[in-house]
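Let's take a walk through this structure together, one region at a time. Have the sequence and the 3D view open as you read.

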Amino acid sequence: MRMSKKIAVDRGGTFIDYIASIDGKFTIHKTLSHSTRAVQIIADTASQVINGNPDFISHGTTIATNAILQRKGARTALITTQGFRDMLFIGRQHRPDLYALQPSIPAPIIPREWCFEVPERILHDGSVHLELDAKVLFSIVDKLHEAQIESVAVTLLFAYVNPTHERLIKQFLLEQGGFAEWQIALSSDVLPEFREFERTSTVALEAYVRPLISQYVAELQQAIPASISIMKSDGGIISADRVRQQAVQTVLSGPAAGVVGALYLARLSEYENIITMDIGGTSTDVALCPGKLSFHPHAEIDGLPLRVRMLDIETIGAGGGSIAWVDEGGALRVGPHSAEANPGPIIYGRGGTDVTVSDANAVLNRIVRLLDGSMELHLPPALEAVKMLRNRISLSTEDTARGIIRVANSNIIRALRRVSIERGYDPRNFTLVAFGGAGPLHACEVAEQLSISRVLVPRFPGVMCAYGALVADVVLEYSQSLVQILDSSTPQRIQTWLDTASTLAHDEMQDQQVQHVNLKPSVDMRYLGQAYELNVPLNNDLAAEFHRAHQTNYGYHMPDKPIEIVNLRLQAVGQVDKPPLTPHELVPNDGANALIAPGHYHRQHLQPGAVIRGEALLLQFDCTTYVPYGWMAAVDAYFNLIIERTANG
Amino acid sequence: MVDAISLEVFKNLLVSIPEEMGAVLQRAALSPNIRERLDHSCAIFDAQARMIGQAAHIPVHLGSMPASVQYLIEAFDHFSPGDVVMLNEPYRGGTHLPDITAVTPVFVDGNVAFFAASRAHHADVGGMAPGSLPLSTDIYQEGIIIPPIKVIEAGKYNVAVLKLITANSRSSDERLGDLEAQLAAQRKGAQRLIELVDQHGLGTVIEHANALIESSRRVTETVIWDIPDGSYSFEDYLEGDGQTHYQIPIKVTITVRGSAMTVDFTGSSPQVAGNVNAVSAIVKSAVWYCVRLLVDDDLPMNHGCFEPVTVITPPGSIVNPAFPAAVAVSTTETSQRIADTVLGALAKALPDKIPAASQGSMNNVTFGGMFNGQQYTFYETIGGGHGAGPQGNGLSGRQSHMTNTRNTPVEAIEYVYPVRILSYELRANSGGKGQFTGGDGIRRVYEFLAPATVTLNTERRMNQPYGLQGGQPGQCGRNILVRDGKQIVLDGRASIQAQAGDILIIETPGGGGWG
């Protein structure tokens with residue numbers, strides 16, 4: 001069935017972004033976000049934008065992220081195996097900052113007095129060494145009620161092999177404790193994989209955000225009579241109903257959508273290998289896509305491990321609002337402190353006094369107006385502040401402003417190196433896709449430093465995350481730990497699990513009215529004694545496939561060493577209808593019709609085929625693109641800017 | 001030309017090289033000790049063996065690596081492109097035998113311009129006990145000794161040497177995998193340095209490396225300048241050498257004059273019979289680490305941080321022993337006590353800044369034996385309480401000061417080794433009281449399912465981690481063996497033959513209280 005009216009909505013901290021495709025034309029919109037009235041704003045605006053009731057809403061949200069970062073999740077308790085109640089506090093027992101006089105760790109999301117133990121023990125082979133003593137649960141339930149606990153996480157050792165005890169506890173909480181289904185998260189459901197700390201941390205985070213997401217989703221469903229899907233950290237969408245069981249999957253909801261949107265657009269323009277760079281006010285998200293999305297093997301949020309499939313997105317505290325300063329050794333530094341939204345950069349004229357990256361851009365005439373002129377730009381105080389800073393490092397005002405941008409860029413470049421070179425990719429083979437409020441301002445200079453010769457700026461760089469939600473596919477993940485030596489019995493065991501999981505996947509896709517479903521089974525394997533696994537696609541000769549993968553990844557393999565199966569995985573991808581994008585004819589022109597001042601063009605008037613040589617500024621409502629000397633911008637058939645280094649540049 | 005901006009750009013560049021080396025080493029290594037616990041470090045050096053960039057890995061490795069490179073320069077007449085040197089000998093550029101260091105001279109225009117180095121703790125290099133941290137009385141009992149040897153000479157593998165090294169380990173497959181991983185990290189480091197020179201030119205790179213050293217030196221001098229001039233002494237003790245119980249003093253006198261600091265260990269114990277003697281590279285590591293703690297900024301750690309600090313270690317003492325004194329646990333236990341001593345002295349100068357003592361041990365647990373017809377060795381260290389300080393309570397159950405290795409997951413251990421973990425929890429109220437409370441230690445309980453040779457090297461079982469400014473000391477750690485229902489309190493250093501059904505309880509120390 002084809003949905004006729006679809007809108008994508010991305011709810012961020014400051015703005016809510018909207019994009020819809022109606023009769024082949026895109027409409028974009030932005031409203032201010034609001035903590036308590038957001039659902040109503042979304043409902044009203046969505047029907048305005050789309051001119052009627054939407055049939056389908058694809059939604060990205062920062063609710064889970066913010067609940068975790070601000071420690072404003074549900075009142076959550078943990079129940080675990082006797083002897084292990086402190087797992088969340090000990091972690092992997094390292095400190096995050098090596099050279100801190102008094103190191104600190106992220107505040108736990110569950111206080112120690114709400115961590116409870118039950119006598120029971122299951123062994124690594126799934127056998128029950130000590131039966132669960134249910135009597136102790138009576139007193140635990142009393143304490144849960146006393147503490148007004150809203151959500152319970154349950155992690156028992158080796159529950160991924162045998163979940164019986166976890167399920168008994170759930171049954172008890174439902175029947176004797178008065179808890180509802182959505183108030184209980186079991187580790188054997190949320191992450192049936194080994195390594196107890198990472199599993200516990202993940203299930204605790206799930207329990208912590210589940211009531212909030214559950215409630216938010218219910219409100220959305222009530223306010224908007226449409227089919228609602230939610231963007232996940234892995235770049236896929238799932239139904240609002242399912243997200244209530246997998247709430248923590250939404251922590252990278254927004255940034256993941258940006259990457260998905262960028263990759264979709266870049267592929268359309270036939271650039272397979274891209275690095276995305278989303279520069280906002282306080283942070284920058286970068287991700288590398290070698291023709292496909294890439295995933296983080298050891299993801300975390302705010303220092304808390306979160307082992308769900310998340311895009312490999314590197315976030316650093318550098319953005320337009322990052323503050324420039326001079327350290328004791330005389331080096332110019334930028335960030336990590338930020339002027340935030342309030343007071344913001346000096347040029348906003350809202351009381352900011354610290355020089356930010358945006359101020360430096362304004363001093364260099366790279367930011368010449370704000371929000372299409374609807375907000376006044378205060379240049380003189382920014383100039384004064386940069387002059388004060390320059391006196392401390394003996395450079396000219398212009399060089400100081402340039403320097404601030406170079407230093408900010410060098411921080412971003414380090415993040416780009418981490419996602420590219422450190423993962424074994426040469427950035428020179430990639431196109432840099434720049435978006436977010438400040439991405440297109442910095443893109444060419446960042447590219448220059450990494451010897452990247454092409455930059456792509458999408459048509460709507462300011463609402464890329466909403467755009468990503470619009471084109472994202474339905475992605476369902478299933479996994480099961482099965483730790484055993486690879487032998488002749490393995491294929492049968494894999495098949496048995498795969499049959500069950502495939503049936504589940506097809507049923508759920510049917511509920512989502514998705515027609516084309518692609519199943520990708522895979523297996524995590526390692527050599528006996530290794531600590532980390534390699535994921536290889538399921539095939540007839542698993543051993544050979546694994547040896548090959550090991551050779552490719554680490555440069556050697558060990559044909560005589562026994563191989564261990566660790567996890568079975570099934571990914572189901574349901575293709576969603578994308579808004580049609582038809583290429584426009586390229587009519588070579590110099591963009592003169594869009595010229596609004598010398599070197600300044602309005603992007604809205606630039607047509608496919610336009611070519612503009614740097615140095616130039618391309619202005620649009622929510623974003624400015626800076627094309628330096630030696631670079632040339634061309635508007636492609638889809639209204640993207642393709643900016644390339646010219647031969648003698 | 002060096003300016004404030006290019007300085008910052010190069011700071012990032014020089015850190016990214018050892019970071020990339022570390023990533024390769026971790027991903028390619030075989031042993032849980034490197035891949036799960038990340039017991040390894042990487043750094044780069046200029047032609048004069050001055051450290052110009054390091055990744056933040058394990059403090060005790062990083063400060064001691066310059067000695068390896070320095071020794072190399074003295075040991076070899078010349079290098080050829082494609083050489084890679086390995087060494088572990090404490091008296092010739094190493095620290096203790098399990099830490100094997102690989103160094104690659106990097107050539108530009110026919111001359112050595114840089115060195116890239118990696119160090120990894122190998123879980124077994126032979127010797128008298130599984131895990132190579134025995135209660136030894138000379139270095140020959142601690143494992144295979146590798147003096148600086150070109151394992152790759154002008155690009156040609158010396159396969160015989162690699163075979164010799166791996167044949168001396170109880171887990172030779174694993175050793176080979178880990179050594180290969182180290183060589184892969186070396187290739188990465190050398191390649192990235194060459195790329196850096198290709199992109200910017202050697203002159204520019206050296207100019208900026210020099211400027212970064214200079215900048216770190218200035219910041220370190222500022223920090224020392226802020227310490228009131230004077231002499232500050234402190235003494236703390238190790239609880240024996242693994243052979244005999246007695247208080248082994250480590251004494252330090254820190255003298256601050258303007259922006260220079262001298263850290264003098266005169267008055268410390270003569271070298272001892274057992275395994276706690278620390279070569280001076282370890283001592284310098286601990287001292288530099290303590291000084292680095294005083295800088296609250298993300299200052300690049302390089303040679304400039306070392307220059308303003310002079311370290312004096314009397315020859316023949318526990319902090320500068322003569323060959324062939326035993327050294328096995330100097331990196332873990334002695335290094336921690338040196339840090340406690342130096343910080344104790346600094347606390348007299350900076351009472352409002354320095355926190356109380358952290359747990360002061362790494363609680364080394366090593367065991368091995370036969371299981372399913374195969375030799376196995378297992379090694380781990382256990383976190384404990386951090387000292388409280390003016391900024392608040394100490395962390396509980398975490399690694400402190402000279403190490404930062406991860407734990408091994410219970411679900412990983414029980415699957416591979418014949419042992420069951422019965423409990424892994426915080427020791428409530430083990431931190432010292434005060435205005436701010438010291439962090440709690442850890443209680444980790446092992447049940448052996450098969451006979452095993454167990455070696456414990458733990459400290460702070462008799463002397464409590466000190467409190468400061470009126471804060472109470474943290475609780476001592478305890479090691480207990482439960483056999484047939486009877487509890488036997490073990491020494492801090494113990495070697496036991498465990499039987500199936502034996503239960504080993506390790507309780508790690510709490511941190512000192514403050515105020």
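This is a predicted model: local features need pLDDT of at least 70, side-chain atom pairs count only at pLDDT 80 or more; totals for chains, interfaces and linings use all residues.

**Two helices that cross in chain B**

If you look at how they pass, the crossing of helix 7 of chain B with helix 9 of chain B is right-handed.

Which residues make this contact? From helix 7 of chain B come B:Ile282, B:Val283, B:Ser285, B:Ala286, B:Val287, B:Tyr289 and B:Cys290. Helix 9 of chain B answers with B:Ser330, B:Thr331, B:Thr334, B:Ser335, B:Ile338, B:Ala339, B:Val342, B:Leu343 and B:Leu346.

Staying in chain B, let's turn to its domains. Chain B is divided into domain 1, residues 4–216, and domain 2, residues 355–515. Their C-alpha centres lie 30 Å apart, and the contact takes 19 residues from domain 1 of chain B and 21 residues from domain 2 of chain B. On the side of domain 1 of chain B that touches domain 2 of chain B, helix 2 (32–35) and helix 3 (59–75) of chain B each supply at least two residues. What is the make-up of that side of domain 1 of chain B, in nonpolar, polar and charged residues? The residues there divide into 11 nonpolar, three polar and five charged.

Now move over to chain A, where you will find an open sheet of four strands. The strand order is 6-5-9-10, and the pairing is parallel. At the edges sit strand 6 (115–118) and strand 10 (184–186) of chain A, each of which pairs on one side only. Neighbouring strands of the sheet are turned by 20° against each other on average, direction ignored.

Zoom in on strand 9 of chain A, residues 151–155, which runs parallel to strand 10 of chain A and is joined to it by three bridges. Within this pair, A:Val154 has A:Leu186 of strand 10 of chain A as its bridge partner. Finally, helix 7 of chain A (residues 196–223) lies across strand 5 (76–81), strand 9 and strand 10 of chain A. Relative to strand 9 of chain A, helix 7 of chain A runs at about 165°.

Conventions:
Residues are numbered from 1 along each chain as its sequence is written. Chains are lettered from A and ligands numbered from 1 in the order in which they are written. A crossing is left-handed if the near helix is turned anticlockwise from the far one by less than a right angle, and right-handed if clockwise. Two residues are in contact if their C-beta atoms, placed from the backbone, lie within 7 Å. Two strands pair if DSSP finds at least two bridges between them. Axes are lines fitted to C-alpha atoms, for helices over the stretch in contact, and angles run from 0 to 180 degrees between N-to-C directions. Domain bounds come from an automatic or database domain assignment. Ala, Val, Leu, Ile, Met, Phe, Trp, Tyr, Cys and Pro count as nonpolar, Asp, Glu, Lys and Arg as charged, and the others, Gly among them, as polar.
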